[in-house]
Amino acid sequence: MKQLLFAAKRMMIPMQLLPFLLRTTPARLRRWMIPILPIRDLQVAKKLVDVMDENSRSILEGKQAAIARGDSAILEQIGRGKDIISLLIRAAEKSSAEDRLSEEELRGQMNVMMFAGTDTTSTAMSRILHELAHHMDVQEQLRKEVTQAAAHGDLEYDVLNKLPLLEAICRETLRLYPPAITASRQATRDTVLPLGIPMTGKDGTTITEVVVPKGTIVHVGIKAANTRCSLWGADALQWKPERWLNPLPSAIADADIPGVYPKLLTFIGGARGCIGYKFAEISIKVQLAILVKGFRFEVSDKKVAWKLGQAEAPTFEGKHMLPMVVSMVSHDA
Ligand code: HEM
């Protein structure tokens, strides 16, 4: 998945043609053209998309077969029939022919979710572990919080979701290192955007708003909004989970930030905001709670470089990885 994002990033200029090609050529022709175009990244992207599609196809077939075999077969499946794909298959079966999602559309949904949900979540996990390795005191506090909460067995959803330090660590990492640093939107009508901070024009006049005509592409600076000193304070660029354990500065508390996630644009907002944010949040918390309870993460002597594809990914000597020193935690009293 990461390779796909990096390949797409390197093809930024030819990709500008994509909307035009989508409008003017059938999918079959586009696929036929790819092997003859001398763009290496395009061949890489095609191969990766085919792998993703093949995976979706085999998962979908497995789910459909289990649903056809009946309840006991469904219970053996990951998600036990409550996962989104099983729900979509069942909904499709109950819908009229004209409303029904076709096989291709179901696979399309799966591909989008895998694409949108995998690297975003794994990047956030990498960032959290990296920060915890640089802040061993916070890591120890988190281990204590999780271990105490799990003293009587498995952590229930509600308990896990309310652990204050775990929550603060997730929020702070998603604030400072949003996996998607920008998003684009197209204005559906003429509008005027007020500026939070006025600007001075070339002729010296003060500009307090910007006219946005219908059709304009607007790039939303997710990371810029999440780390703005005038809102978050002078320490906006520092990783400080404790900021979420205390009342937020009034500038940010009072700011109207239309994110689905309070005060952050990490999952953006509005009708096309991230539909997976709750899932992402709980899966990060589950993974983190299990990992930190069982293992200690320390910085290694290998220099990690964070490279921007669509999401920022850790690399070492050009390979996607996050070298760390990991040891088991002893829970003997
Ligand atoms: C930390 C994890 C995640 C982050 C930071 C994140 C962030 C975002 C952002 C910024 C968008 C808007 C992209 C755009 O319009 O350009 C988006 C869209 C989307 N996300 Fe997430 N996401 C995360 C995890 C997930 C997960 C786990 C899923 C699914 C299981 C998911 C499914 C989607 C889908 C389907 C969309 C497209 C929604 C639409 O266009 O209507 N995301 N996400």
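Guide: I74 is partly exposed, because 18 other C-beta atoms lie within 10 Å, and a buried residue would need 20 or more. Bear in mind throughout that this is a predicted model. I74 sits in helix 5, which covers residues 71-75. Leaving aside residues up to four places away in sequence, I74 touches A66, I67, R80, G81 and S86. K63 is 11 residues from I74 along the chain. The C-alpha atoms of I74 and K63 are 7.6 Å apart.

Helix 4 runs over residues 40-69, and helix 6 over residues 84-94. Their axes come within 10 Å and cross at roughly 60°. Helix 4 and helix 6 are therefore oblique to each other, since angles of 65 to 115 degrees would be needed for roughly perpendicular. The crossing of helix 4 past helix 6 is right-handed.

Move on to other helix pairs. Helix 10 spans residues 164-176 and packs against helix 7 at an angle of about 110°. The axes of helix 7 and helix 10 are 10 Å apart. Helix 7 and helix 10 are therefore roughly perpendicular to each other. Helix 7 passes helix 10 in a right-handed crossing. Helix 7 brings A124, R127, I128 and E131 to this contact. Helix 10 brings I169, T173 and L174. The tally for helix 7 with helix 10 is four nonpolar, one polar and two charged residues.

Helix 10 also packs with helix 8, which covers residues 136-149. Here the angle is about 135°, and the axes are 8 Å apart. That makes helix 8 oblique to helix 10. Q141, L142, E145 and V146 of helix 8 meet L165, L166 and I169 of helix 10. By class, helix 8 with helix 10 gives five nonpolar, one polar and one charged residues.

Helix 7 leads on to the ligand. What surrounds the ligand? The shell holds 20 residues, and the closest are A116, G117, T120, C274 and G276. Helix 7 (103-134) and helix 14 (277-294) are the elements that give two or more residues to this shell. The largest share, seven residues, comes from helix 7. The shell has 14 nonpolar, five polar and one charged residues.

K263 lies in the loop between helix 13 (250-254) and helix 14. I268 is in the loop between helix 13 and helix 14 as well. Most residues other than glycine have a negative phi. K263, though not a glycine, has a positive phi near 70°. I268 also has a positive phi, about 50°, and is not a glycine. I268 is buried, because 22 other C-beta atoms lie within 10 Å.

Last, the whole chain. The protein chain has 14 helices and nine strands. Its C-alpha trace spans about 70 × 60 × 45 Å along the principal axes. Of the 333 residues, 20% count as buried. Among contacts with a separation of 6 or more, 65% come from residues 24 or more positions apart.

Conventions: Residues are numbered from 1 along each chain as its sequence is written. This is a predicted model: local features need pLDDT of at least 70, side-chain atom pairs count only at pLDDT 80 or more; totals for chains, interfaces and linings use all residues. A residue is near a molecule or strand if its C-beta atom, placed from the backbone, lies within 6 Å of it. Helices (H or I, at least four residues) and strands (E, at least two) are DSSP runs, numbered from the N terminus. Ala, Val, Leu, Ile, Met, Phe, Trp, Tyr, Cys and Pro count as nonpolar, Asp, Glu, Lys and Arg as charged, and the others, Gly among them, as polar. A residue is buried if 20 or more other C-beta atoms lie within 10 Å of its own, exposed if 12 or fewer, and partly exposed in between; C-beta atoms are placed from the backbone. Two residues are in contact if their C-beta atoms, placed from the backbone, lie within 7 Å. Axes are lines fitted to C-alpha atoms, for helices over the stretch in contact, and angles run from 0 to 180 degrees between N-to-C directions. Angles under 35 degrees count as roughly parallel, over 145 as roughly antiparallel, 65 to 115 as roughly perpendicular and the rest as oblique. A crossing is left-handed if the near helix is turned anticlockwise from the far one by less than a right angle, and right-handed if clockwise.
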